[in-house]
Amino acid sequence: MKISLGKSLAVFLSALIFMLGMVSLCALPVNAAQTVGLSRTSVTLEVGQSASLKLNGVSSGKIVWSMSDKNVAKYSKGKVTGVSEGTTYIFAKYNGKKYKCKVTVVPAENNVVNVKKGGSVSVYVYTDIDEIMIEYSDSSVCSVSCGVLSDGSGYALKIKGKKSGTSSFKLYDADNKSVYLEFDVKVGSKSDGKVSFDLGSKKTSQDVSDTWGSFDTSSDASEDTSGYIDEVIRLVNEERAAAGKSALKKNDELCNNAQVRAGEISSYFSHTRPDGKNCFTVITVPYGYAGENIAMGQRTPEEVMDCWMESSGHKQNILSSNYTSVGVGYDPSTNCWVQIFISD
């Protein structure tokens with residue numbers, strides 16, 4: 001049977017269907033309400049680990065994502081990924097409102113520090129241990145320099161990737177030679193940027209800081225190093241000139257004093273001398289102000305100066321206006337370096 005509808009009835013039915021549709025659409029916020037908000041407000045990740053993060057309850061409109069510290073975590077395509085240890089916040093801005101998620105990134109359980117070949121990573125070790133020693137298994141894979149944090153709360157290690165591979169690190173308490181931190185450095189295609197190990201620390205005052213590099217002491221002691229001391233002094237004055245500072249004078253007796261210290265730090269790497277006295281007791285010339293930089297493992301004047309200039313404490317000594325003279329010591333058998341600065 002055929003049913004024929006008149007035009008007016010068809011229009012009425014269409015209007016009724018449209019109105020019912022409008023009623024249904026208007027009812028959605030009441031019957032199927034979904035609050036706008038992030039799928040999570042906090043997340044803890046290991047370095048390199050990812051987790052999904054979305055803004056729920058959004059039907060249309062633009063979402064603007066931002067982050068307080070991109071060095072700690074990154075956000076892409078609905079996922080947040082841990083980059084380096086620390087805390088950051090991810091914000092999603094929608095319709096004039098901001099939604100926040102706290103992201104805490106912790107080291108991977110196996111304590112692997114990733115660094116790119118040819119790149120570098122900063123490792124911060126917060127500890128109350130006064131003197132540390134570093135041992136690592138493969139100096140061909142990476143090199144390391146170390147400095148005391150300016151507030152005395154621990155140490156900063158700068159690790160540079162040399163070739164693909166893995167080197168195991170052990171950090172010792174220099175007083176009792178016990179291992180208190182172990183981790184692996186993997187050199188490859190990615191870098192963690194910065195990594196922190198919080199072993200418990202209290203801030204202490206620290207006047208001078210320590211820096212050293214590779215503990216591979218296999219360099220040939222017969223190598224001609226007669227010009228190394230003068231080259232370090234030249235590089236010091238080159239840095240001072242670039243900073244608008246006056247040149248330091250080479251003091252031969254102070255160089256002898258620094259040479260004594262270079263021999264001492266090869267067995268006791270500290271600004272305290274092996275007999276327990278302050279490092280400045282080695283100085284045999286009159287002085288007003290004094291400062292000392294020490295390092296171990298660098299094979300050339302350029303390498304040791306790069307390490308010192310990358311450390312704020314050592315750089316401060318090198319560029320200080322308080323000093324007028326300098327002495328440098330170098331032990332080629334152990335690659336130990338010493339700078340002693342004084343004001344005449």
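**Labels and their cut-offs**

Tutor: Gladly! The structure holds seven aromatic pairs. Rings of Phe, Tyr and Trp (its six-membered ring) pair if their centres lie within 6.5 Å; planes under 30 degrees apart count as stacked, over 60 as edge-to-face and the rest as tilted. This is a predicted model, where local features need pLDDT of at least 70 and side-chain atom pairs count only at pLDDT 80 or more, while totals for chains, interfaces and linings use all residues. Residues are numbered from 1 along each chain as its sequence is written, and side-chain values use heavy atoms, leaving out hydrogens and water.

Student: What makes tyrosine 228 and tryptophan 337 a stacked pair?

Tutor: Their ring centres are 6.0 Å apart and their planes lie at 15 degrees, so the pair is stacked. Tyrosine 228 lies in helix H2 and tryptophan 337 in strand E21, so the pair ties together parts that are 109 residues apart in sequence. Helices (H or I, at least four residues) and strands (E, at least two) are DSSP runs, numbered from the N terminus.

Student: What about the rings of tyrosine 323 and phenylalanine 341?

Tutor: Here the centres are 5.5 Å apart and the planes at 25 degrees, so this pair is stacked as well. Tyrosine 323 sits in the loop between H5 and strand E20 (325-331), and phenylalanine 341 in strand E21.

Student: How do you know whether tyrosine 323 is buried or exposed?

Tutor: Buried means under 20% relative accessible area, exposed over 50%, partly exposed in between (1.4 Å probe, protein chains only). Tyrosine 323 has 8% relative accessibility, so the label is buried. Phenylalanine 341, with 0%, is buried too.

Student: Why is the contact between aspartate 230 and lysine 250 called a salt bridge?

Tutor: A salt bridge is a side-chain nitrogen of Lys or Arg within 4 Å of a carboxyl oxygen of Asp or Glu. For aspartate 230 and lysine 250, the closest N and O atoms are 2.7 Å apart. The pair links helix H2 (residues 228-242) with strand E18 (residues 249-250). Aspartate 230, at 40% relative accessibility, counts as partly exposed, and lysine 250, at 41%, gets that label too. By this rule the count comes to ten salt bridges.

Student: Which residues form a salt bridge 2.8 Å from N to O, and how accessible are they?

Tutor: Arginine 261 is in helix H3 (residues 252-265) and glutamate 292 in strand E19 (residues 290-296), 31 residues apart. Arginine 261 has a relative accessible area of 0%, so the label is buried; glutamate 292, at 1%, counts as buried as well. Salt bridges that share partners join Arg261, Glu264, Arg273 and Glu292 into one network.

Student: Why are H4 and H5 called roughly perpendicular?

Tutor: The axes of H4 (residues 301-309) and H5 (residues 312-319) come within 6 Å and cross at roughly 105 degrees. Axes are lines fitted to C-alpha atoms, for helices over the stretch in contact, with angles from 0 to 180 degrees between N-to-C directions. Angles under 35 degrees count as roughly parallel, over 145 as roughly antiparallel, 65 to 115 as roughly perpendicular and the rest as oblique. H4 and H5 are therefore roughly perpendicular.

Student: What makes asparagine 95 count as exposed?

Tutor: Asparagine 95 has 64% relative accessibility, so the label is exposed. This residue is in the loop between strand E8 (86-94) and strand E9 (97-106).
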